[in-house]
Amino acid sequence: MRESKARKIERAAEVVKLLYNEYPNAKCSLHYNNAQELLVATILSAQCTDHRVNIVTKDLFRKYTSAKDYAYCDIKTLSEDIHSCGYHNQKARSIQGSSLMIVEEYHGHVPDTMEALIKLPGVGRKTANCILGEYYGFPSVVIDTHMVRIMNLLDFTKSKDPKKIELELMELFPEKDWVKLTHMVIDHGRAVCIARRPQCNTCTLSDLCPSVIN
Ligand code: SF4
């Protein structure tokens, strides 16, 4: 039988409660001190582990201390500085392009709206939502690969399109839980609901999950 929207909302609330119990300290694992640093770290984190990004940004943030530094630096040097994060040429272009726009159009301050953020070169909704939720404290849902996979397994969406999933989840989960939800789901995806080998027998969500494997 098709699950009603009301029941889905109830189930979402139960899932959140269990995730809070399981991952009370879930938080962004990228290191940063300001919005510019979070922007750079988030761009670097695409196809790269947060652990690797934190190693790279330790020196990077000492060398480049403002949007201006990234905007007017030698791009080849920047690319070398971030080499071990992978896709370094493309990421260097995104960091420099977005920083240049931040300097020229926003007086060096990372903007705090979705419309403005997604106009920055190399910045999509995932990075924008990360800045909005993590740094500015606005309710926002970051959709990464763990969110796509686990929200499909939990049948809170049938889509693989991050924007569609984001909007669907906003209807199911209370606003106050949006930012924390992503961090808890990422922790769950790393520890239990691992891609291609979910540990359903130890999963706290097993009674609420239509994809449970017994
Ligand atoms: S029950 Fe299994 S498939 Fe469902 S969330 Fe838990 S680990 Fe993932």
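How many C-beta neighbours does Tyr87 have inside 10 Å, and does that count as buried, partly exposed or exposed? The structure is a predicted model, in which local features need pLDDT of at least 70, side-chain atom pairs count only at pLDDT 80 or more, and totals for chains, interfaces and linings use all residues. Residues are numbered from 1 along each chain as its sequence is written.

**View 1. Helix α8 and what covers it.** Helix α8 spans residues 125-135, and because eight of its 11 residues are buried, this helix is largely enclosed by the rest of the structure. A residue is called buried if 20 or more other C-beta atoms lie within 10 Å of its own, exposed if 12 or fewer do, and partly exposed in between, with C-beta atoms placed from the backbone. Helices (H or I, at least four residues) are DSSP runs numbered from the N terminus. The buried residues of α8 are Thr127, Ala128, Asn129, Cys130, Ile131, Leu132, Gly133 and Glu134, and their cover includes α2 (35-44), α7 (114-117) and α11 (178-191). After α8 comes Gly137, which has a positive phi near 75°.

**View 2. Leu38 in helix α2.** Leu38 belongs to helix α2 and, with 22 C-beta neighbours inside 10 Å, counts as buried. Leaving aside neighbours within four places in sequence, Leu38 is in contact (C-beta atoms, placed from the backbone, within 7 Å) with Leu30, Tyr32, Ile131, Glu134 and Tyr135. From C-alpha to C-alpha, Leu38 and Lys58 are 12 Å apart in space, while 20 residues apart in sequence.

**View 3. Helix α2 against helix α3.** The axes of α2 and helix α3 (residues 50-63) come within 10 Å and cross at roughly 140°, which makes α2 oblique to α3. Axes are lines fitted to C-alpha atoms, for helices over the stretch in contact, and angles run from 0 to 180 degrees between N-to-C directions; those under 35 degrees count as roughly parallel, those over 145 as roughly antiparallel, 65 to 115 as roughly perpendicular and the rest as oblique. The crossing of α2 past α3 is right-handed, where right-handed means that the near helix is turned clockwise from the far one by less than a right angle, and left-handed that it is turned anticlockwise. Glu37, Val40, Ala41 and Leu44 in α2 meet Val53, Val56, Thr57 and Phe61 in α3. The residues of this contact of α2 with α3 comprise six nonpolar, one polar and one charged, where Ala, Val, Leu, Ile, Met, Phe, Trp, Tyr, Cys and Pro count as nonpolar, Asp, Glu, Lys and Arg as charged, and the others, Gly among them, as polar.

View 4. The residues of the contact of α9 with α10 are six nonpolar, no polar and no charged. For α9 and α11, the axes come within 9 Å and cross at roughly 80°, so that α9 is roughly perpendicular to α11. Here His146, Met147, Arg149 and Ile150 in α9 meet Thr182, Val185, Ile186, His188 and Gly189 in α11, and by class the contact of α9 with α11 has four nonpolar, four polar and one charged residues.

**View 5. Met184 in helix α11.** Met184 is part of helix α11 and counts as buried, with 23 C-beta neighbours inside 10 Å. Not counting residues up to four places away in sequence, Met184 touches Leu19, Tyr23 and Ala26. The C-alpha atoms of Met184 and Asn21 are separated by 10.0 Å, although these residues are 163 apart along the chain.

View 6. Most residues other than glycine have a negative phi. Tyr87, not a glycine, has a positive phi of about 50° and sits in the loop between α5 (75-81) and α6 (88-106); with 15 C-beta neighbours inside 10 Å, Tyr87 counts as partly exposed. Arg196 lies in the segment after α11 and has a positive phi near 65°, and with 5 C-beta neighbours inside 10 Å Arg196 counts as exposed.

Methods:
Helix = DSSP H or I, 4+ residues; strand = E, 2+ residues; numbered from the N terminus. Contact = placed C-beta atoms within 7 Å.
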